[in-house]
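Notebook open, structure on screen. I'm jotting down what I look up as I go.

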Amino acid sequence: MMDDLRELYQEVILDHGKNPRNFRHPADANREARGDNPMCGDKLSVYMTLSDDGIIQDCAFEGRGCAISTASASMMTEVLRGKTEAEAQALFETFHDLCTKDDHLHTDHGPVDEEAMEKLMVLSGVRQFPMRVKCATLAWHTMNAAIKGDQKASSE
Amino acid sequence: MPDMITTATTMGTAFDVEAVRADFPILARSVHAVKGRPGKPLVFLDSAASAQKPRAVIDAMSRFMEEEYANVHRGVHYLSQRATDRFEEARRKVARFLNAPGDQCIVFTRNATEAFNLIASSYGRTFLERGDEVVVSVMEHHANIVPWQLLQAAKGIVIRVVPVGEDGSFDLDAYAGLLNDRTKLVSITHCSNVLGTVTPAKEIARLAHERGIPVAFDGSQAVVHGPVDVQDIDADFYAFTAHKLYGPTGLGVLYGKREILKRMPPYQGGGEMIQTVSFEGTTFKEPPMRFEAGTPPITETVGLSAAIDYVEALGREAIAAHEHDLLAYATERLQAIDGVRIYGTAPGKGPILSFTVDGLHPHDLGTIVDQYGVAVRVGRHCAEPLMDRFGVGATARASFALYNTRAEADALAESVIAAKEFFGA
């Protein structure tokens with residue numbers, strides 16, 4: 001029993017959950033969206049600063065959430081910096097597969113930063129906890145909405 | 001506060017909870033078993049969301065489908081008559097259960113949510129005008145908020161909100177102050193699904209009636225935890241749902257005073273609710289049939305009948321006493337844990353325990369205690385305004401039913417302690 005829990009709540013997740021990175025509202029952000037998980041009441045905002053040529057210069061977030069959603073948001077802000085919109089999109093879709101599908105069902109979403117994916121692997125434990133998948137993907141859905149220029153995202 | 005609880009504790013000893021547990025097949029199961037590893041015994045503390053079903057309900061529904069099932073109010077054949085008898089017997093039973101003056105005051109709906117939509121659509125759209133006010137409380141379930149917001153959008157009515165005190169008690173003075181000449185309807189929970197607060201229904205109705213304002217109550221939690229007498233309260237409407245009362249899903253009840261129901265137009269159109277239909281004009285049946293368009297949940301009413309028989313056989317006072325004992329005990333156990341905050345401590349509250357643990361998100365808490373077999377609800381409990389009132393995004397909620405035990409309250413407390421340790425909170 002504890003093994004499953006350790007698989008879900010790996011040390012890295014507990015650390016990011018308690019001490020989220022990039023937990024702030026950058027003054028120069030030019031993209032933002034709010035994400036809601038209506039099931040648990042978690043709300044977060046994702047802020048991004050995109051350069052003219054579409055490179056993510058900065059990514060940050062604020063809000064309240066469980067350990068999984070906070071850790072996922074925190075890790076996302078770290079891996080997205082320096083990526084193009086297309087690379088961020090590919091990462092989002094690859095990460096979504098990671099959280100929701102068995103390995104053999106993962107599809108190719110274009111070239112992704114392998115190092116980033118390796119880091120995000122720690123969140124794959126949510127697959128054993130279907131009710132928690134939305135916690136892990138909320139920040140990513142919100143980031144996706146921010147890039148597309150939508151104001152709001154929901155993990156529903 | 002503990003007056004009621006002390007009484008309950010002494011009365012609680014007569015209640016044979018182990019015999020009761022044996023009536024609920026699902027309680028014997030374990031959860032999270034995997035190959036080579038036994039599961040954990042189920043500790044079901046989520047009955048306020050939906051209660052488990054006793055064998056009597058399951059069997060009554062199966063037997064009805066095996067032996068008596070047909071559509072109701074439609075045929076001259078034998079089974080149609082039998083099914084209709086059982087269906088109307090359920091209506092009479094519900095009327096008795098609420099001490100309604102007659103079975104023609106009882107409308108079957110899909111759930112309590114539909115009951116409130118029925119009131120808002122039929123009564124609200126007919127009798128309320130722009131600027132008229134509907135009074136609700138901040139601790140309403142979304143089912144008693146959103147239908148009024150839809151009416152607000154359609155008719156321009158105004159929603160007034162009664163606050164609660166720090167302990168979650170209904171603010172009767174504030175309520176009295178909100179009533180005015182524009183108030184056309186009051187719609188208040190009889191027992192909060194988050195705080196457990198039991199509202200002073202009789203007083204709420206009396207104050208409204210002084211001004212000629214009708215009052216609706218959400219009894220979804222209240223009917224489960226103690227006797228309800230709609231005539232004593234003098235409720236104009238009273239709604240509840242079968243599945244929280246150990247009955248099936250898909251069936252709700254709306255009690256309405258006969259003279260009010262008779263003035264209300266249909267809510268939905270279709271078969272069953274009509275007198276005659278022609279393309280020149282259609283006439284409708286009298287209540288309650290007027291509000292029961294289409295084939296109703298039939299087997300489910302038989303299930304609700306069995307559920308009512310079940311709780312009445314155990315004794316509603318005895319059930320209440322047992323549950324209050326559990327509430328008092330669980331409250332004590334949780335309060336002893338550092339960092340636990342309980343929301344809702346009003347005197348005489350129902351057996352619903354909402355809490356948070358400092359440094360631990362309710363969702364993480366829910367996942368951990370679940371691994372110990374403990375089922376609690378985490379989240380906003382369909383009561384987002386109330387979460388905002390207490391400044392929390394979500395809470396964990398343990399709710400106690402007639403089949404729960406003190407040992408299960410212990411399991412809850414122990415799993416909360418384990419979760420704290422796991423997170424170093």
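**Domain contacts and the chain pair**

I started inside chain B, where 26 residues of domain 1 of chain B are in contact with 30 residues of domain 2 of chain B; two residues are in contact if their C-beta atoms, placed from the backbone, lie within 7 Å. This is a predicted model, where local features need pLDDT of at least 70, side-chain atom pairs count only at pLDDT 80 or more, and totals for chains, interfaces and linings use all residues. Residues are numbered from 1 along each chain as its sequence is written, while chains are lettered from A and ligands numbered from 1 in the order in which they are written.

Which elements supply the domain 1 side of chain B? I found α13 (316-335), β14 (352-357) and α15 (384-389) of chain B, each giving at least two residues to the side that touches domain 2 of chain B. Helices (H or I, at least four residues) and strands (E, at least two) are DSSP runs, numbered from the N terminus. The largest share, 5 residues, comes from α13(B).

By class, I noted 12 nonpolar, 7 polar and 7 charged residues on that domain 1 side. Ala, Val, Leu, Ile, Met, Phe, Trp, Tyr, Cys and Pro count as nonpolar, Asp, Glu, Lys and Arg as charged, and the others, Gly among them, as polar.

Next I checked the bounds: domain 1 of chain B is 2-53 + 315-423 and domain 2 is 57-312, taken from an automatic or database domain assignment. Their C-alpha centres lie 28 Å apart.

Then I turned to the contact between the chains, which takes 14 residues from chain A and 14 from chain B. The chain A side has 8 nonpolar, 2 polar and 4 charged residues.
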